[in-house]
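Here is a briefing on one protein chain. Please read it alongside the sequence and the structure.

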Amino acid sequence: MSRPRPAAPRPALGYFGGSFDPVQTGHLALARAALRQEKLRQVHFVPAGRSPLKSTGPRASDRDRLRMLRLALGRRREFPVARWDLGPGPSYTYKTLRRLRRQNRAEWRLILGSDSLKHFEKWRRWREILRHHVVLVGARKGEKGVRPPRG
C-alpha cells in the first residue's frame with residue numbers, strides 16, 4: 001500500500017510596498033534580512049501609486065521611482081520590482097494581496113518597517129491582512145519590542 005505524499009510546502013514570497021521616494025539603504029537592508037531570516041524565495045518591491053494615508057502623492061514620478069528601484073536592486077532575481085500598485089488614485093495593500101492570493105499559490109508575507117507599523121491599524125482592512133498573511137516588521141537600530149498588531 002502506498003502512502004499519500006505530503007503536500008509540498010508553498011513557496012514564501014515577500015511583499016514590500018511603499019513610496020520608495022527615494023529608495024533607501026534601510027529598505028534594502030530590510031529586504032535582505034527578510035529574505036535570509038525567513039528563507040523567502042523572493043522579496044517583491046511594490047511601489048505605491050499614492051498612499052491613502054498621505055495628503056499628497058510621491059514627489060518623483062512612477063517611472064522615476066521604478067528606475068531608482070531597479071538601479072538600487074540591480075538584476076538580482078530575488079528582488080523583482082512589481083508595478084502592481086502604480087497608477088492614479090490610492091493604493092490599497094489588501095486589494096493587491098487579495099489578488100495575489102487568488103492568482104498565485106505562494107504564501108505572501110507582508111514586510112513593513114517600524115515606521116509603517118505605527119499606522120498599520122489605520123490601513124483599510126488591516127485585520128484581513130493579518131488573517132491571511134504573516135507580517136514581518138523590521139525595527140530601526142536601537143528600537144525594541146516592535147510587534148505587529150493582533151487582529
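In strand β2, V46 is the bridge partner of G17. Strand β1 (residues 12-18) and β2 pair in the parallel sense over six bridges; two strands pair if DSSP finds at least two bridges between them. This is a predicted model: local features need pLDDT of at least 70, side-chain atom pairs count only at pLDDT 80 or more, and totals for chains, interfaces and linings use all residues. Residues are numbered from 1 along each chain as its sequence is written, and side-chain values use heavy atoms, with hydrogens and water left out.

**Fold and strand pairing**

- The chain's secondary structure comes to five helices and four strands. Helices (H or I, at least four residues) and strands (E, at least two) are DSSP runs, numbered from the N terminus.
- From the N terminus on, the order of elements is β-α-β-α-α-β-α-α-β.
- β1, α1 and β2 make a right-handed β-α-β unit. Right-handed means that, with the strands pointing away from the viewer, the path from the first strand over the helix to the second runs clockwise.
- β1 also pairs with β3 in the parallel sense, over four bridges. Here Y15 stands opposite L110 in β3.
- β3 and β4 pair in the parallel sense over five bridges. In this pairing R109 stands opposite V134 in β4.

**Burial**

- Of the chain's 151 residues, 38% count as buried. Buried means under 20% relative accessible area, exposed over 50%, and partly exposed in between (1.4 Å probe, protein chains only).
- Five of the six residues of β2 are buried, so β2 is largely enclosed by the rest of the structure.
- β3 is mostly covered, with six of its seven residues buried.

**Salt bridges**

- The whole structure holds eight salt bridges. The criterion is a side-chain nitrogen of Lys or Arg within 4 Å of a carboxyl oxygen of Asp or Glu.
- R109 forms a salt bridge with E38, with the closest N and O atoms 3.0 Å apart. The pair links distant parts of the chain, 71 residues apart: R109 is in strand β3 (residues 107-113), and E38 is in the loop between α1 (25-37) and β2 (42-47).
- Is R109 buried or exposed? R109 is buried, with a relative accessible area of 15%. E38 is partly exposed, at 31%.
- E128 and R98 meet in a salt bridge through their side chains (2.7 Å, N to O). E128 lies in helix α5 (residues 126-132) and R98 in helix α3 (residues 93-103), so this pair ties together parts 30 residues apart in sequence.
- R101 and E128 also meet in a salt bridge (3.4 Å, N to O). R101 lies in helix α3 and E128 in helix α5, so this pair ties together parts 27 residues apart in sequence.
- E128 counts as buried at 9% relative accessibility. R98 counts as partly exposed at 28%, and R101 counts as partly exposed at 26%.
- Which residues are linked in a network of salt bridges? The network links R98, R101, R125 and E128.

**Largest pocket**

- The largest pocket contains about 1300 Å³ of space. Grid points are joined across faces, edges and corners, and the volume is the space filled by probe spheres set on the points.
- The pocket is lined by 48 residues, of which G17, G18, G113, D115 and S116 lie nearest its centre. On a 1 Å grid over the protein atoms alone, a pocket is an open set of points where a 1.4 Å probe fits, with protein on both sides within 12 Å along at least five of seven lines; lining residues have an atom within 4 Å of a point.
- The elements that give two or more residues to this lining are β1, α1, α3, β3, α4 (114-117) and β4 (134-138). The largest share of the lining, seven residues, comes from α1.
- The lining residues divide into 22 nonpolar, 17 polar and nine charged. Ala, Val, Leu, Ile, Met, Phe, Trp, Tyr, Cys and Pro count as nonpolar, Asp, Glu, Lys and Arg as charged, and the others, Gly among them, as polar.

- P22 is found in the loop between β1 and α1. At 42% relative accessibility, P22 counts as partly exposed.
- P22 and R59 are 37 residues apart along the chain, and their C-alpha atoms are separated by 9.1 Å.
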